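Good morning, and thank you for the time. Please look at the model on the screen while I go through its charged pairs, its strands and its cores.

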Amino acid sequence: FLFVSCENDLQTINLLNTGKDAPSETMKDAEIIYSDSGIVKMKLTGPQLDRYSGERPHIVFPKGVDMVFYDDSMKVNSTLKAEYGIRYEEEGGMEAKRNVEVVNVKGDKLNTEHLIWEEGKDRIYTKEFVKITQGRDVIHGNGLESNQDFTVYKILNPTGAFTLNEGESDK
């Protein structure tokens with residue numbers, strides 16, 4: 001008589017089958033709605049969502065992401081589009097990369113290659129090159145700080161030509 005027995009560790013099997021850096025969940029045509037006290041604040045959509053668990057859980061939108069920010073009346077405050085996005089679930093922030101475009105309620109448009117959103121601080125920022133289009137005026141610079149609605153912003157190192165209305169030079 002010969003008895004053979006073996007025991008398999010499920011974590012080891014999962015690492016062998018999926019690879020250490022594989023997502024724990026993948027979703028196609030994803031839509032996530034974030035709310036606070038029953039009021040919708042933001043909607044994220046993307047053609048693919050990869051969720052990673054572990055020490056720093058996060059969601060990756062490897063094929064692009066669209067974000068819509070709402071006010072308390074469900075009116076759109078601003079929108080964000082990018083070719084790649086990472087949402088950090090525990091920290092409540094996000095990074096948008098490659099062809100990032102933010103548009104506010106006034107129609108001002110921000111273009112950059114990398115933008116960080118700190119949700120709890122109502123802040124977006126970048127150290128990268130930025131282009132802001134306001135009607136016919138275009139402002140270039142390096143670095144930007146703004147509120148999350150992109151209605152109050154400051155270019156850290158502006159370049160290029162732009163028009164100042166009377167009284168605006170003190171702002």
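The side chains of D108 and K106 form a salt bridge, with an N to O distance of 4.0 Å; the term requires a side-chain nitrogen of Lys or Arg within 4 Å of a carboxyl oxygen of Asp or Glu.

Before I continue, a word on the source. This is a predicted model, in which local features need pLDDT of at least 70 and side-chain atom pairs count only at pLDDT 80 or more, while totals for chains, interfaces and linings use all residues. Residues are numbered from 1 along each chain as its sequence is written, and side-chain values use heavy atoms, leaving out hydrogens and water.

How many salt bridges are there by this rule? The count comes to 10. One of them links K109 and E101, again at 4.0 Å from N to O. K109 is partly exposed, with a relative accessible area of 31%, and E101 is partly exposed as well, at 24%. Another joins K121 to E118, at 4.0 Å, N to O. K121 is exposed, at 59% relative accessibility. Through shared partners, salt bridges connect E118, K121, R123 and E145 into one network. As a general point, side chains of opposite charge can pair when their charged atoms come close.

I turn now to the overall fold. The protein has 1 helix and 11 strands; helices are DSSP runs of H or I with at least four residues, strands are runs of E with at least two, and both are numbered from the N terminus.

Strand β4 (residues 65-70) runs antiparallel to β5, and 6 bridges join them. Within this pair, M67 has L80 of β5 as its bridge partner. The two strands form a hairpin with 5 residues between them, and M74 in the turn has a positive phi of about 65°. On to β7: β5 pairs with β7 in the antiparallel sense over 4 bridges, and K81 stands opposite E101 in β7.

T79 illustrates this region well. T79 lies in strand β5 (residues 76-82) and is partly exposed, at 26% relative accessibility. Which residues does T79 touch, not counting those up to four places away in sequence? They are M67, V68, E101, V102 and V103, a contact being heavy atoms within 4.5 Å. T79 and V102 are 23 residues apart in sequence, yet their C-alpha atoms are 5.5 Å apart in space.

A further set of strands begins with β2 (residues 39-52), which pairs with β3 (residues 58-61) in the antiparallel sense over 3 bridges. In that pair, R51 has I59 of β3 as its bridge partner. The hairpin of β2 and β3 has 5 residues between the strands, and G54 takes a positive phi near 125°. β3 also pairs with strand β6 (residues 84-88), antiparallel and over 4 bridges, with Y88 in β6 as the bridge partner of H58.

The largest nonpolar core holds 26 residues, of which L44, F61, M67, L80 and L110 touch the most other members. Such a core is a set of buried Ala, Val, Leu, Ile, Met, Phe, Trp, Tyr and Cys residues joined through side-chain atoms within 4.5 Å. Strand β7 (residues 93-104) supplies the largest share of this core, 4 residues. A second, separate core of 5 residues includes Y52, V60, I86 and Y88. Returning to L80, its contacts beyond four places in sequence are V65, D66, M67, F69, A96, V100, E101, V102 and L115. In soluble globular proteins, nonpolar side chains tend to be buried together.

Finally, the totals. Of the 171 residues of the protein, 34% count as buried. Among contacts with a separation of 6 or more, residues 24 or more positions apart account for 31%.

Technical notes
Buried < 20%, exposed > 50% of the residue type's maximum accessible area, 1.4 Å probe, protein only. Pairing = 2+ DSSP bridges.
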